[in-house]
Amino acid sequence: MIFGHQKIRQILQNQAKDGNLSHAYLFFGPEGIGKKMVALEFSRALLCLNGHDGRFCSECDSCRLFEAGIYPHTKQSYGVGAHPDFQFIGPETEETRKSSRTREIGISFIRQLIGWNKLKPILAPRKVAVIDDAQWLSVEAQNAFLKSLEEPAGSTVFILVAPSPGDLLETVVSRCRKIKFLPLGFEDFKKALGGLDAESARLSELHAIYSGKPGPAFLFAAPDGQKEFDRRRAEFLGMFRRDFANRYRFSEGLARDEKAVFEAVDLWRVLTRDLIFAKSGLSGALANRLLAPDIAKEAQNHQLEKLVRIFKLLGRLSFSLKETNLSPRLALDWVMTEL
């Protein structure tokens with residue numbers, strides 16, 4: 001189920017209904033806010049055999065094949081689905097992970113997509129291809145993809161999903177209809193996490209910490225997740241008081257889980273921001289509101305300049321970990337030397 005983005009979804013529905021479609025779209029906005037889910041919903045509507053109103057019917061052969069190929073499976077299984085007229089490519093698909101040591105989407109996948117694009121639809125009225133995390137397309141892959149964007153074959157619709165237009169070559173971006181996604185407001189965020197047993201104060205705090213992105217917040221809204229979240233925050237605040245040997249051992253252990261490193265660096269950055277605010281007398285602006293007394297106490301132990309330096313470092317590392325091949329261990333050790 002998708003929460004929020006009603007205006008965007010209505011626009012896409014109207015375009016599907018009226019046939020006013022672009023051959024290529026770029027869905028962009030912060031990670032974890034539902035861009036991929038909207039892309040899949042739009043794809044299913046475009047492939048539906050009864051989709052005259054811009055929506056999918058869930059009953060036709062196309063809808064059933066789409067659902068069989070996508071929804072029951074994990075993210076790693078998207079690559080080759082059951083629907084012959086749909087393709088999903090991304091750095092986390094099983095095919096990509098098997099062929100590359102990095103998250104890069106190489107030219108071989110684009111060449112396969114180009115070949116598939118030349119074929120006529122088998123079942124649906126058109127074909128649809130989604131490229132998730134398109135920022136991981138290599139420059140070579142993007143350049144190879146240009147001709148398909150410039151001279152679309154038949155009625156194929158391409159949907160690229162990325163954090164920002166700046167993550168792609170301008171020549172690629174200029175050939176796409178751009179759709180900007182914004183973080184969810186609190187009510188939509190609350191609905192997205194509504195199936196979980198979380199107090200309103202906790203949801204409000206998670207909304208502030210994760211800037212309205214339900215994806216990363218979901219794990220920490222359930223009771224078990226709340227305990228783990230509190231442990232991780234206390235762990236970072238306590239890191240300042242550890243000696244370097246202890247920090248080094250912590251870094252060594254955490255670095256074994258790349259996803260955990262990404263999550264930790266992002267959370268640490270928000271906590272450091274709150275330390276800066278508390279140090280500056282702006283406690284009312286804290287994101288970690290339920291932790292306000294601990295943050296105020298810890299902030300007293302540090303110079304403002306040091307906290308600002310750590311905050312900037314964490315920002316650079318967050319970007320580098322997601323957009324380059326920076327070693328997670330190197331990133332963590334770098335932070336530990338600054339605490």
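E205 and R202 are both buried (buried, under 20% relative accessible area; exposed, over 50%; partly exposed, in between; 1.4 Å probe, protein chains only). The model is predicted, with local features requiring pLDDT of at least 70, side-chain atom pairs counting only at pLDDT 80 or more, and totals for chains, interfaces and linings using all residues. Residues are numbered from 1 along each chain as its sequence is written, and side-chain values use heavy atoms, with hydrogens and water left out.

The side chains of E205 and R202 form a salt bridge, at 3.9 Å from N to O. A salt bridge here is a side-chain nitrogen of Lys or Arg within 4 Å of a carboxyl oxygen of Asp or Glu. Both residues, E205 and R202, lie in helix α9, three residues apart, about one turn of the helix. Helices (H or I, at least four residues) and strands (E, at least two) are DSSP runs, numbered from the N terminus.

In total, 16 salt bridges are counted. E263 pairs with K259, their closest N and O atoms lying 2.5 Å apart. Because E263 and K259 are four residues apart in helix α13 (residues 258-279), about one helical turn separates them. E263 is partly exposed, with a relative accessible area of 22%. Another salt bridge joins E338 to R309, with 2.9 Å between the closest N and O atoms. This pair links distant parts of the chain: E338 is in helix α16 (residues 328-338) and R309 in helix α15 (residues 304-323), 29 residues apart. E338 counts as partly exposed because its relative accessibility is 23%. R309, at 41%, is likewise partly exposed. Salt bridges with shared partners join E228, R231, R232, E235, K259 and E263 into one network.

Twelve aromatic pairs are present. Rings of Phe, Tyr and Trp (its six-membered ring) pair if their centres lie within 6.5 Å; planes under 30 degrees apart count as stacked, over 60 as edge-to-face and the rest as tilted. Y210 and F229 form a tilted pair, 6.2 Å centre to centre with 40° between the planes. Y210 lies in the loop between α9 (200-209) and α10 (214-217), and F229 in helix α11 (residues 223-239), 19 residues apart. Both Y210 and F229 are buried. F236 and F240 pair edge-to-face, at 5.5 Å and 70°. F236 and F240 are also buried. One aromatic cluster comprises Y25, F27, F42 and F181.

The charged end of R269 sits over the ring of F311, 4.4 Å from its centre (NZ of Lys or CZ of Arg within 6 Å of the ring centre and within 35 degrees of the ring normal). The charged end of R329 sits over the Y248 ring, 4.5 Å from its centre.
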